[in-house]
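Please open the structure in your viewer and keep the selection tool at hand.

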Amino acid sequence: MRGVSLRDDDLLGGIQRVIDGLMIVATHWLACQAYSQYWNLEMTNASALGVLMFGIAGQLMGLYRSWRSERLGRELRQAVAAWVVVFPILILLAFASKTSTHYSRVVSFGWFLLAPLFICGWRLLGRLIVSYLRLQGRNIKRVGILGATAGSETLCERIKERPWLGMDIVGVFDDRSEERRHPFGRSGPSYGGSSSELIRACRNGAIDIVYIGLPLRAELRIGQIVRELADTTASVYLAADFFTFDLRHAHWTQLGNLPVVSIYETPFQGVTGALKRLEDLVAGSLIIALIAIPILFVAIGIKLTSKGPIFFRQRRYGLNGKQIRVLKFRTMTVCEDGDEIRQASRNDPRVTRFGRFLRRTSLDELPQFFQVLRGEMSIVGPRPHAVAHNEEYRALIHGYMLRHKVKPGITGWAQVNGWRGETPEVSRMAKRVEHDLEYIQNWTLLWDVKIILKTAIEWRKNRNTY
């Protein structure tokens with residue numbers, strides 16, 4: 001069932017503009033009310049200017065386009081980024097026009113914080129409402145896929161796993177004979193015919209979106225079909241065999257006038273990088289304030305129970321594979337940091353009695369929070385391994401070094417899922433790397449919060465740490 005017209009996405013974009021503007025005005029008014037500030041002409045002018053500039057910034061940053069197939073987190077980051085750009089300009093204009101004395105600093109700061117919260121909140125609610133309508137058969141887009149390939153099968157599976165996207169696969173179109181086409185499973189889409197039939201369906205308005213899943217070597221054929229689809233109103237996306245690459249936070253950019261796509265890249269760039277750093281600074285400072293006394297007692301305990309230094313530094317790989325010296329409480333009778341390092345094992349004689357307690361409770365990691373504030377590490381991220389272990393496993397596990405596209409963390413997605421401690425088999429390290437790369441690929445701020453809370457709650461379950 002197709003419940004709405006082709007102009008629905010345009011309508012949704014218009015609704016987004018209106019409600020974003022209302023949220024900006026409403027939050028300014030709420031900030032004034034909370035501080036008992038009288039609403040005057042200057043407030044009206046500031047709100048109107050804020051709405052206008054946010055609309056312009058949002059348009060330039062792609063905020064008012066279709067987010068049907070994209071993640072909510074990316075949409076919310078774009079909204080916050082637009083406001084972060086607009087607000088300093090408003091302040092600058094107030095100073096330039098010598099009207100800054102008309103505005104309360106408390107009210108302005110409250111407005112700065114409330115506006116993105118309300119904008120993100122209503123967009124989250126809007127997503128839920130639109131997703132519900134799509135599950136009811138409304139706002140559906142009909143999809144045609146060109147190319148019966150393995151990549152197209154993966155694309156079909158992802159669409160079917162996400163019915164809230166509101167996409168109905170009409171069929172897979174391919175010019176090849178049945179013997180040469182990639183075989184889809186029983187639950188796969190039906191064969192829709194040749195590319196000519198696909199183009200005819202698009203011209204007749206029977207298909208809204210086309211995904212081209214032909215292999216990249218079919219460049220001439222892809223170009224020909226794209227030119228023919230230009231005579232239709234269908235939205236066209238090139239999937240090709242990008243599926244054969246392990247894309248992590250891939251994005252298009254330009255080198256001069258040449259468009260290029262990243263294959264391996266860090267997710268923490270621009271606004272997301274600043275957000276991640278802010279998280280580390282705020283949460284790290286709070287945690288250090290809480291653990292100051294425990295750190296003192298641990299240091300005293302180490303000094304009283306064994307000979308040697310309190311702290312232990314070991315070379316490990318940090319961001320972009322650069323070596324850092326990770327700080328830990330000493331838990332062994334040795335301080336190994338050479339070309340060969342033996343992992344701690346059950347009943348390891350090198351581990352002191354007090355050190356065994358520190359390792360099981362992860363208290364030996366506490367000094368690393370100071371490295372978080374220095375920017376060498378993050379609270380959440382892939383755990384750093386000794387340089388000797390890195391050199392060993394990078395040759396055994398595909399994609400191992402991609403863990404270093406982000407800062408190493410004190411805790412991580414692999415650790416809270418039980419993949420920590422000794423790795424006597426390569427398969428255990430492979431599972432750890434798999435979880436680390438999953439985290440890098442799908443990072444969100446809420447996921448970090450979940451990992452931190454899970455680490456705090458389940459610290460007693462570290463049975464693989466010796």
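**First stop: a salt bridge between neighbours**

Begin by selecting Glu161 and Arg162, which form a salt bridge whose closest N and O atoms are 3.4 Å apart. Please bear in mind throughout that the model is a predicted one. Is Glu161 buried or exposed? Glu161 counts as exposed because its relative accessibility is 52%, and the limit for that class is over 50%. Arg162, at 34% relative accessibility, counts as partly exposed.

The structure holds 16 salt bridges, and another of them joins Lys431 to Glu434. Select this pair; the closest N and O atoms are 3.5 Å apart. Why are Lys431 and Glu434 separated by about one helical turn? The reason is that the two residues are 3 residues apart in helix α13. Lys431 has 28% relative accessibility and so counts as partly exposed. Glu434, at 43% relative accessibility, also counts as partly exposed.

Are Glu75 and Arg123 buried or exposed? Both residues are buried.

The crossing of α3 and α4 is right-handed. On the α3 side of the contact, the residues include Leu76, Trp83 and Phe87, as well as Glu75. On the α4 side, Trp111, Phe112 and Ile119 are among those that meet α3, and Arg123 is one of them too.

Select Lys98, which is placed in the loop between α3 and α4. Phi of Lys98 is near 60 degrees, a positive value although the residue is not glycine. Most residues other than glycine have a negative phi. Lys98 counts as exposed because its relative accessibility is 73%.

Then go to Ser36, in the loop between α1 (8-34) and α2 (41-60). Ser36 is not a glycine, yet it has a positive phi of about 55 degrees. With 68% relative accessibility, Ser36 counts as exposed.

Select helix α6 (residues 195-203) and helix α7 (residues 219-229), whose axes come within 10 Å and cross at roughly 25 degrees. This makes α6 roughly parallel to α7, because angles under 35 degrees count as such. Ser195, Ile199, Cys202 and Arg203 of α6 make the contact with Arg221, Ile225, Glu228 and Leu229 of α7. The crossing in which α6 passes α7 is right-handed.

Another pair of helices to display is α8 and α14, whose axes come within 11 Å and cross at roughly 25 degrees. These helices are therefore roughly parallel to each other. Their contact is made by Leu275, Lys276 and Glu279 of α8 together with Leu445, Asp448 and Ile452 of α14. α8 passes α14 in a right-handed crossing.

**Last stop: the nonpolar cores**

Which residues touch the most other members of the largest nonpolar core? Select Phe329, Phe369, Tyr439 and Ile451, which hold that place among its 33 residues. Elements that each supply at least two residues of this core include α8 (270-305), β9 (323-329), α13 (426-441) and α14 (445-457). The element that gives the most is α8, with 6 residues.

Centre the view on Phe369. Leaving aside neighbours within four places in sequence, Phe369 is in contact with Ile287, Ile288, Ile291, Ile379 and Ile410. To finish, select Met23, Ala57, Trp83 and Leu90, which are among the 23 residues of a second, separate core. Trp83 and Leu90 were also part of the contact that α3 makes with α4.

Conventions:
Residues numbered from 1 in each chain as written. Predicted model: local features only at pLDDT ≥ 70, side-chain atom pairs only at ≥ 80, totals over all residues. Heavy atoms only, no water. Core = buried A, V, L, I, M, F, W, Y, C linked by side-chain atoms within 4.5 Å. Buried < 20%, exposed > 50% of the residue type's maximum accessible area, 1.4 Å probe, protein only. Helix = DSSP H or I, 4+ residues; strand = E, 2+ residues; numbered from the N terminus. Contact = heavy atoms within 4.5 Å. Salt bridge = Lys/Arg side-chain N within 4 Å of Asp/Glu carboxyl O. Axes fitted to C-alpha atoms, helices over the stretch in contact; angles between N-to-C directions. Parallel < 35°, antiparallel > 145°, perpendicular 65-115°, else oblique. Left-handed = near helix turned anticlockwise from the far one by under 90°.
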